[in-house]
Amino acid sequence: MKVVLFCGGYGMRMRNGTSDDVPKPMAMVGPRPLIWHVMRYYAHFGHTEFILCLGYGAHHIKDFFLNYEETTSNDFVLRGGRTELLSTDISDWTITFAQTGIESPIGERLRRVRHHLDGDEMFLANYADVLTDAPLPEMIDRFAQRDAGASMMVVPPQQSFHCVDLGEDGLVGGITAVSDMPLWENGGYFVLRQEVFDHIPENGDLVADGCAQLAKRGRLSAFQHRGFWKPTDTVKERAALDASYARGDRPWAVWERDTAGATA
């Protein structure tokens, strides 16, 4: 199944005051950028055809893959001055690099790569900056069995603030952590059918337009995930993931976990 990755936004909340033009999916977590971790997640489950919706800082993403260093994340033997890889990351990947505009909303980026989907009934989509250990095969199977035009993964609120139940008299009736409330937020992992294109206008948005219209028609399903899920909207969140990687705490790296289990 093809995977559409939205990686053309400015990522302003990720900025640290510098003037660089590195797009957010190219922020580093360990020795590899965010987009690599997302792609490895999909590839682990057999989805190795990627369509990258490029925009801001596109040359950084192109250069990374055009000059990809397999030795960074794979064992190898150096013999006679020549490198012999013992494993590879991307040798079986097919990656389409599509310029979808600098200012384009997510929905418009998706519209502009529709012809690369070859009319596939179902495909996957992702913001390319959120990491998870969600069971992708289960997510896809559930959607395949549903009569719906789209499915989005939803997660419990991640914020740490508290909500206050305030009465008309100004007295507080209760205080509840937002994470304990019966709320869910968009987790950024989508399984879509071609039907979604019927509800995304020119320069429209995938969620606010496409998914919202499907929801009104009872055609949007959700996959609830309570496991690991971490966004990287800010420098602090990216740094926390990088630190987690450094200490070997990598729940999103399902390819490492499953390999370790198989060899144990």
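**Close-up views of a predicted model**

**View A. The side chains of Arg40 and Asp89 come together in a salt bridge, with 2.9 Å from N to O.** This pair joins distant parts of the chain, since Arg40 belongs to helix 1 (residues 34–44) while Asp89 sits in the loop between strand 6 (82–85) and strand 7 (94–99), 49 residues apart. Both Arg40 and Asp89 are buried. As in every view described here, the coordinates are those of a predicted model.

**View B. A salt bridge of 3.5 Å, N to O, connects the side chains of Asp118 and Lys2.** The two residues are 116 residues apart and bring together distant parts of the chain, with Asp118 in the loop between helix 3 and strand 8 (122–126) and Lys2 in strand 1.

**View C. Within helix 4 (residues 136–144), the side chains of Arg142 and Glu138 meet in a salt bridge of 2.5 Å, N to O.** Because Arg142 and Glu138 are four residues apart in this helix, about one helical turn separates them. In general, an α-helix has 3.6 residues a turn, so residues three or four places apart point the same way. Arg142 is partly exposed, with a relative accessible area of 45%, and Glu138, at 34% relative accessibility, likewise counts as partly exposed. Elsewhere, salt bridges that share partners join Lys2, Glu49, Asp118 and Asp120 into one network. A search of the whole structure finds 17 salt bridges.

**View D. Helix 5 (residues 206–216) has Leu206, Gly210, Cys211 and Leu214 as its buried residues.** When the helix is viewed down its axis, these buried residues fall within an arc of 80°, so they line one face of helix 5. The cover over the buried residues of helix 5 includes strand 1 (2–7), helix 3 (106–112), strand 10 (150–155), strand 13 (185–193) and strand 14 (220–224). On the face of helix 5 that is turned away from its buried side, the exposed residues Ala208 and Lys216 are found.

**View E. The N-terminal end of helix 5 is capped by Asp205.** A side-chain oxygen of Asp205 lies 3.0 Å from the backbone nitrogen of Val207. Just after helix 5, Gly218 adopts a positive phi of about 70°.

**View F. Phe64, a residue of helix 2 (residues 58–66), counts as buried at 16% relative accessibility.** When neighbours within four places in sequence are left aside, Phe64 is in contact with Met26, Arg32, Pro33 and Trp36. Of these residues, Trp36 is 28 residues from Phe64 in sequence, and the C-alpha to C-alpha distance between Phe64 and Trp36 is 9.8 Å.

**View G. A nonpolar patch on the surface is formed by Val164, Leu166, Val172 and Ile175.** Together these four residues have about 400 Å² of accessible area. Strand 11 (162–166) and strand 12 (172–177) each supply at least two residues of the nonpolar patch.

Note on methods: Residues are numbered from 1 along each chain as its sequence is written. Side-chain values use heavy atoms; hydrogens and water are left out. Patches are made of residues with over 30% relative accessible area and no salt bridge: like charges are joined within 9 Å, nonpolar side chains (Val, Leu, Ile, Met, Phe, Trp, Tyr) within 5 Å. Accessible areas come from the Shrake-Rupley method with a 1.4 Å probe; for residues, only the protein chains shown count as cover. Buried means under 20% relative accessible area, exposed over 50%, partly exposed in between (1.4 Å probe, protein chains only). The arc is that of the directions from the helix axis to the C-beta atoms. Contact means heavy atoms within 4.5 Å. A polar contact is a pair of N or O atoms within 3.5 Å; within protein, one must be able to donate a hydrogen and the other to accept it, and residues adjacent in sequence count only if both atoms are side-chain atoms.
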